[in-house]
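Subject: Structure handover

Hello,

My notes on what was found follow below it.

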Amino acid sequence: MQRRAAAIYLVFFLVIGAGAYGLIQTAEEPTISLQGDTAYSAGDTVEFGDRAWEVAEADTDSGELAWVNESAVISTTIDNGSEVPVTDVRWSDQSARMEQVFEAGATVQYNGSEYEVSVNGSAESFTLALASDASVNESYAVGDTVTYEGNEATVTSVTGDAATIVWGGPYMLVVQAENVTDPTEAMFVEQRDLEAMVAADPALYDEIITQNGTRKVTYRANETNVALEGYFPPVERHTIAEGETLTYQGNETTVDAVTNTSVELTRPGQNTVTVGFSEGANFTVADTQYFAHFPNNSSVYFMETSERYGDYQAQENEIASYNDRVTGLWGIAQLCLVAAILLVAIAYLPVRG
């Protein structure tokens, strides 16, 4: 009797569980079927307001829009007292900036040997190959450091014709603010490592001495001391004023403003504005709110939120409702399976007596 009842309940739970599982298998999952006017992929252009934006990325439910502002003003602020690398600034008659140009195809003296120069302008790199054995070579790109004649030089530019390296000590920016409430000028003052300069000069002993409060260097040839200040050329000082121009980081730049604490430099340039988007998320472009929908992993629709977002949310609610029902059916199927197993186990327990 016990096992007959267990069998009846077992069939009941199996039928219920099988029905729940069958519904899970046959039910069709709803999807977002909303369509816009145009599906865009990476590299396409889309008009928002009076601007053409590029779809810079569109992949797997997220992406990015990009717009290049061709008439942007690029600003750079240099604080008073900060150091500026010699590679960053240039003006006429600049004495602290040293440079060497390696022309493409030329044979040059490089650290005591002859090397041939080859230039890759598109990759912004150049190669120095030993003239007697081309397998011995060194390649450098813009921004790399090159040891040249004992100097730590920086590759500042590479074109199809030549590569340029620059070296020299940094400058300190000093605002002419003494007894001035509204300064209009500042100065680049060359900074020197005098100990290193003395050590690198073969005519001098490597030590700076002090006599009667004056720092001096000593000639190796005749042991004569000479004032350090008079041995090397004067420190370079270059004054800039509001409204003047100089070359900063390779661009013609205007001294826009000088204050007691900093100098602001400006130049025309390009500025890229980006806006990210993702599936179903709102974003604002040209004072209008939009949302994105991906019909697949490589294309996207853009639709105005005020016009279509209600439809999108309705379809999202359908998907959420479907998932809730499927979760419930899985719960029923699993509960019926557990109940069936328990019934079988209990039915076959030994009966006392």
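Two strands count as paired if DSSP finds at least two bridges between them. On that basis, strand 12 (residues 151–158) and strand 13 (residues 162–167) are paired in the antiparallel sense, with four bridges. Ser 157 has Thr 164 in strand 13 as its bridge partner. Please keep in mind that this is a predicted model.

These two strands belong to an open sheet of four strands, ordered 6-13-12-11 and paired antiparallel. The edges are taken by strand 6 (98–103) and strand 11 (145–148); each has a single partner strand, so one side of each has no neighbour in the sheet. On average, neighbouring strands in this sheet are turned by 35 degrees against each other, direction ignored.

For the chain as a whole, the secondary structure amounts to four helices and 25 strands. Its radius of gyration is 38 Å, whereas the globule rule gives 20 Å for 353 residues, so the chain is more spread out than a compact globule. Along the principal axes, the C-alpha atoms fill a box of roughly 125 × 60 × 50 Å. Of the 353 residues, 31% are buried. The accessible surface is about 21100 Å², and carbon and sulfur atoms hold 48% of that. Among contacts with a separation of 6 or more, 52% are between residues 24 or more positions apart.

On to the aromatic rings. The count is 24 aromatic pairs. One of them joins Tyr 219 and Tyr 231: the ring centres are 5.9 Å apart and the planes stand at 70 degrees, so the pair is edge-to-face, for which the angle must be over 60 degrees. Tyr 219 lies in the loop between strand 17 (214–218) and strand 18 (225–227), and Tyr 231 lies in helix 3 (residues 228–231), twelve residues away. Both are partly exposed: the relative accessible area is 29% for Tyr 219 and 22% for Tyr 231.

Phe 291 and Tyr 309 make another edge-to-face pair, at 4.9 Å centre to centre with 70 degrees between the planes. This pair links strand 24 (residues 288–293), which holds Phe 291, to helix 4 (residues 305–347), which holds Tyr 309; the two residues are 18 apart. Phe 291 and Tyr 309 are both buried.

Finally, one aromatic cluster is made up of Tyr 40, Phe 48, Phe 277, Phe 283, Tyr 290, Phe 294 and Phe 302.

Regards

How values were computed:
Residues are numbered from 1 along each chain as its sequence is written. This is a predicted model: local features need pLDDT of at least 70, side-chain atom pairs count only at pLDDT 80 or more; totals for chains, interfaces and linings use all residues. Side-chain values use heavy atoms; hydrogens and water are left out. Axes are lines fitted to C-alpha atoms, for helices over the stretch in contact, and angles run from 0 to 180 degrees between N-to-C directions. The radius of gyration is taken over C-alpha atoms; the globule rule is 2.2 Å times the number of residues to the power 0.38. Buried means under 20% relative accessible area, exposed over 50%, partly exposed in between (1.4 Å probe, protein chains only). Contact means heavy atoms within 4.5 Å. Accessible areas come from the Shrake-Rupley method with a 1.4 Å probe; for residues, only the protein chains shown count as cover. Rings of Phe, Tyr and Trp (its six-membered ring) pair if their centres lie within 6.5 Å; planes under 30 degrees apart count as stacked, over 60 as edge-to-face and the rest as tilted.
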